Amino acid sequence: MPITMEPQYLDALVVGAGFGGIYQLKKLLDQGLNVKGIDMADDVGGTWYWNRYPGAMSDTMSFLYRYSWDHEDLVSYPWSNHYLQGPEILAYLKHVVKKYDLRKHFQFETELLAAQWNEEELRWVVTLSTKEVLKVKYLVTALGLLSKTNFPAFPGLDKFAGQLYHTARWPQNADLKGKRVGVIGNGSTGVQLITALAKAEEVKQLLSFQRNPQYSVPAGNGPVSTQHRKHLNETYDQVWDQAKNSLFAYGFDEELNRPVASVSPEEREHIFEEAWQQGNGFRFMFWTFSDITVNEDANIAASDFIRNKIRQTVKDPEKARKLCPTEWYARRPLCDSGYYEQFNRENVDIVDIKTNPITELTATGIKTADGTLYELDVIICATGFDAVDGNYTRVAIQGRNGRTLKDHWSKMGPTSYLGLSVPNFPNLFLITGPNGPFSNLPPAIECHVEIITDLIVRAEKNELPKAAIGTNGYTNGYVNGHAKSHTHGIVEALSEAEQEWTTRCDELSSKSLFRRIDSWIFGKNVPGKKGTTMFFFAGLGPYRRIVKEILDDDLRGFRRF
């Protein structure tokens with residue numbers, strides 16, 4: 001596209017070309033709006049474009065890690081295993097873009113540099129890395145929960161003479177054959193990467209630099225039978241209805257009424273074993289018993305079961321000791337394809353960097369506090385992301401009065417109303433913004449896209465409220481009790497609605513053992529970042545019901561002008 005300094009007027013700009021950006025672009029085009037999508041990558045895929053490291057895999061079953069709105073595609077698109085590998089997900093998203101002819105509406109290798117709300121024009125003035133300037137009525141960000149890389153600030157990063165990679169920026173030409181490889185980090189990405197590298201039997205040595213041992217259960221991956229796929233195709237409507245109305249949309253009914261103490265020790269072990277054999281981290285944590293994440297004794301019972309499995313699997317007692325977690329079982333639940341088994345290999349080992357931290361990188365490797373130098377050819381940082389708000393605070397998005405999102409979030413941490421709208425940022429919509437539902441991502445993304453689309457449709461039609469005050473007492477953009485004559489198609493969250501939603505999310509997580517762990521779910525994986533609640537922990541089904549009540553109650557909590 002030729003570079004021009006003349007502003008281009010659009011109805012909407014969608015930032016991001018992953019699951020959220022693709023669907024949002026389609027929905028707004030379906031409304032007849034003039035829409036453009038942009039992404040800094042050179043193709044679609046979002047998170048899955050960047051995360052191409054060996055072993056990258058969804059932890060959601062294949063039949064739910066996709067869009068629900070195209071029934072023909074659900075029953076006809078091929079997939080062969082219970083879980084999708086990263087390349088398969090990328091191919092699926094490209095297929096959807098091609099099927100609906102969306103590529104011509106995307107502009108790639110284009111980054112959002114700044115966006116400023118213009119009160120006179122009632123538009124966002126957007127500056128792109130191509131030096132183009134857009135003036136858009138609606139700005140929708142689909143930046144992803146997990147996309148802003150968290151690169152560790154170890155001294156000497158620039159001194160290392162070997163190859164230094166981050167899993168979220170994996171080079172296509174990476175060659176690890178015969179190399180001494182160190183992996184820093186052992187969250188979901190680290191577990192997948194270590195498993196894949198060890199199984200490939202190509203590296204000379206593989207060291208896991210581990211700060212916190214993980215509780216991981218088998219994924220239960222394997223081929224999908226013809227009979228299973230046939231039954232699924234015949235019942236897909238019911239499958240999606242169950243998923244969207246459940247807590248986490250993982251395809252099983254969460255256990256709501258069976259605490260650990262309600263069964264005998266023998267029955268408890270049987271239930272845990274059944275979940276272990278079936279596979280999936282969310283299933284083990286939430287299908288087995290109702291109180292694992294809130295009751296200490298229940299959590300200990302689950303933790304002990306997994307630790308025993310680790311000891312049974314890992315033959316070297318010292319390796320097993322290092323791999324056994326000592327914290328609460330209260331992080332995002334992981335699953336794997338044979339992670340613990342890989343440590344039975346002689347060339348795979350663990351370095352405990354919690355008791356013996358990394359002090360620096362040298363030209364030849366990693367040095368720890370006890371003075372040991374681990375000589376390496378390749379260092380891979382599987383150190384995760386500055387989750388939820390990281391991509392927003394690095395961009396100058398200015399609302400009213402010149403305040404940026406970073407300013408707005410500086411005291412309380414990232415907040416929003418319903419995870420998608422922020423006071424004083426009119427017509428800015430965040431797909432999976434702070435305090436959205438904690439669940440399987442594609443259904444949560446779909447939910448947000450459909451809410452945002454509904455709000456934009458109402459704004460375009462100037463559908464004014466019928467009452468000056470919603471049932472909860474929020475005023476909805478009225479002056480002296482009378483509706484303004486023209487809304488200009490603007491939607492914005494009220495400050496009091498954001499505060500109430502933030503309080504509600506905080507209270508929902510207050511009794512959770514998740515609060516006691518330093519993890520990305522509460523923003524505690526990034527040094528200096530304020531820890532705060534960043535999800536609606538009641539799950540997707542309850543979230544959808546609450547949002548429906550809000551939309552039916554005259555857009556309660558939203559101001560229109």
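Mentor: Let us begin with a charge and a ring: the charged end of Arg 66 sits over the ring of Tyr 92, 5.0 Å from its centre. A charge sits over a ring if NZ of Lys or CZ of Arg is within 6 Å of the ring centre and within 35 degrees of the ring normal. This is a predicted model, in which local features need pLDDT of at least 70 and side-chain atom pairs count only at pLDDT 80 or more, while totals for chains, interfaces and linings use all residues. Residues are numbered from 1 along each chain as its sequence is written, and side-chain values use heavy atoms, with hydrogens and water left out.

Trainee: Over the face of which residue does Arg 52 lie?

Mentor: The distance from Arg 52 to the ring centre is 4.6 Å. The ring in question belongs to Tyr 49.

Trainee: Which aromatic cluster includes Tyr 92?

Mentor: Rings of Phe, Tyr and Trp (its six-membered ring) pair if their centres lie within 6.5 Å; planes under 30 degrees apart count as stacked, over 60 as edge-to-face and the rest as tilted. By this rule there are 39 aromatic pairs. The cluster with Tyr 92 is formed by Phe 19, Tyr 23, Trp 48, Tyr 65, Tyr 67, Trp 69, Tyr 77, Tyr 92 and Tyr 100.

Trainee: How are the rings of Phe 272 and Phe 289 arranged: stacked, tilted or edge-to-face?

Mentor: Phe 272 lies in helix α8 (residues 265-278) and Phe 289 in the loop between α9 (281-286) and α10 (296-313), so the pair ties together parts that are 17 residues apart in sequence. Helices (H or I, at least four residues) and strands (E, at least two) are DSSP runs, numbered from the N terminus. The ring centres are 5.2 Å apart and the planes stand at 70°, so the arrangement is edge-to-face.

Trainee: Is Phe 272 buried or exposed?

Mentor: Buried means under 20% relative accessible area, exposed over 50%, and partly exposed in between (1.4 Å probe, protein chains only). The relative accessible area of Phe 272 is 0%, so this residue is buried.

Trainee: Which residues have the most contacts inside the largest nonpolar core?

Mentor: A nonpolar core is a set of buried Ala, Val, Leu, Ile, Met, Phe, Trp, Tyr and Cys residues joined through side-chain atoms within 4.5 Å. The largest has 134 residues, and those with the most contacts inside it are Phe 284 and Ile 380.

Trainee: What is the strand order in the open sheet of 3 strands?

Mentor: Two strands pair if DSSP finds at least two bridges between them. β15 and β16 pair in the antiparallel sense over 3 bridges, and β16 (residues 365-368) pairs with β17 over 3 bridges, also antiparallel. The order is therefore β15-β16-β17.

Trainee: Why is one side of β15 and of β17 left without a neighbour in the sheet?

Mentor: β15 (358-361) and β17 (373-375) stand at the edges of the sheet. One side of each is left without a neighbour because each has a single partner strand.
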